[in-house]
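Please read them with the structure open.

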Amino acid sequence: MSNQYNSSVGNQVDAGFQAKGLPPGVGAAVLGVENPSGNPTIGSGTGAFGTLQQTSGFMKQWNPGGSLSSPDDQITAASNFYSYYQNQGYTPDQSYVIYQQGAGGANTLFNSDPNTPISSLSPTL
């Protein structure tokens, strides 16, 4: 995977996020971490795929009927996700932890003693 940031795709992702009321820069930041090149055919060892590195389960939940191979569908799914969590009072940073770790992993991180080594945490729901 290329680490060269694709600003054209970043602008596209950011526009989709802003259309859902999210702050400027959030969508571009997610792309910058998940798949800087914006390559829609990139997969990962965890089963995540595409422009914003999503799984089929994520797509079904946040953009039912959407396709993992469609950058637009991935942007819609991610912006729906971030908009939902913003409306629940989460910051974009907190929402990213949930996006990347899942609800169980995020819950563990959010509720752990800050002095606990991350290697000793295990996700719980």
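1. Two residues are in contact here when heavy atoms of theirs lie within 4.5 Å. The model is a predicted one. By that contact rule, and leaving aside neighbours within four places in sequence, tyrosine 99 is in contact with Val30, Glu34, Leu52, Gln54, Phe58, Ala78, Phe81 and Tyr82.

2. As background, nonpolar side chains tend to be buried together in soluble globular proteins.

3. Not counting residues up to four places away in sequence, phenylalanine 81 touches Phe58, Trp62, Ser95, Ile98 and Tyr99. Methionine 59 is 22 residues from phenylalanine 81 in sequence, and the two C-alpha atoms are 9.9 Å apart in space.

4. The aromatic residues deserve a point of their own. Two rings are counted as a pair when their centres lie within 6.5 Å, and the count by this rule is 14 aromatic pairs. In the pair of phenylalanine 17 and tyrosine 82, the ring centres are 5.3 Å apart and the planes meet at 45°, so the pair is tilted. Phenylalanine 17 belongs to helix 1 (residues 7–19) and tyrosine 82 to helix 4 (residues 71–87), so this pair ties together parts that are 65 residues apart in sequence. Phenylalanine 17 has 0% relative accessibility and counts as buried. Tyrosine 82 is buried as well, at a relative accessible area of 1%.

5. Which other pair is tilted: 6.2 Å centre to centre, with 50° between the planes? That aromatic pair is tryptophan 62 with tyrosine 85. Tryptophan 62 lies in helix 3 (residues 56–62) and tyrosine 85 in helix 4, so the pair links distant parts of the chain, 23 residues apart. Both tryptophan 62 and tyrosine 85 are buried. Ring pairs join Phe17, Phe58, Trp62, Phe81, Tyr82, Tyr84, Tyr85, Tyr90, Tyr96 and Tyr99 into a cluster.

6. Helix 1 can be checked for its span and its sides. With 13 residues, helix 1 reaches 18 Å from its first C-alpha to its last, close to the 18 Å expected at 1.5 Å a residue. Its buried residues are Val9, Gly10, Val13, Asp14, Gly16 and Phe17. Viewed down the axis of helix 1, these buried residues fall within an arc of 160°, so they line one face of the helix. An α-helix has 3.6 residues a turn, so residues three or four places apart point the same way. Ser8, Asn11 and Ala19 are exposed on the other side of helix 1. Helix 2 (26–34) and helix 4 are among what covers the buried residues of helix 1.

7. Both ends of helix 1 have a local feature. At the start of helix 1, a side-chain oxygen of asparagine 6 comes to within 3.1 Å of the backbone nitrogen of serine 8. Just after helix 1, glycine 21 has a positive phi of about 90°.

8. In helix 2, the buried residues are Val26, Gly27, Ala28, Val30, Leu31 and Glu34. They pack against helix 1, helix 4 and helix 5. Two of these residues, Val30 and Glu34, are also in the contact list of tyrosine 99.

9. The loop between helix 2 and helix 3 holds glutamine 53. Phi of glutamine 53 is near 50°, a positive value in a residue other than glycine. Glutamine 53 counts as buried, with 11% relative accessibility.

10. Lysine 60 and alanine 77 are 17 residues apart in sequence, and their C-alpha atoms are 8.6 Å apart in space.

Conventions: Residues numbered from 1 in each chain as written. Predicted model: local features only at pLDDT ≥ 70, side-chain atom pairs only at ≥ 80, totals over all residues. Heavy atoms only, no water. Phe/Tyr/Trp six-rings, centres within 6.5 Å; stacked < 30°, edge-to-face > 60°. Helix = DSSP H or I, 4+ residues; strand = E, 2+ residues; numbered from the N terminus. Buried < 20%, exposed > 50% of the residue type's maximum accessible area, 1.4 Å probe, protein only. Expected span 1.5 Å × (residues − 1). Arc of directions from axis to C-beta. Polar contact = N/O pair within 3.5 Å; in protein donor to acceptor, adjacent residues only side chain to side chain.
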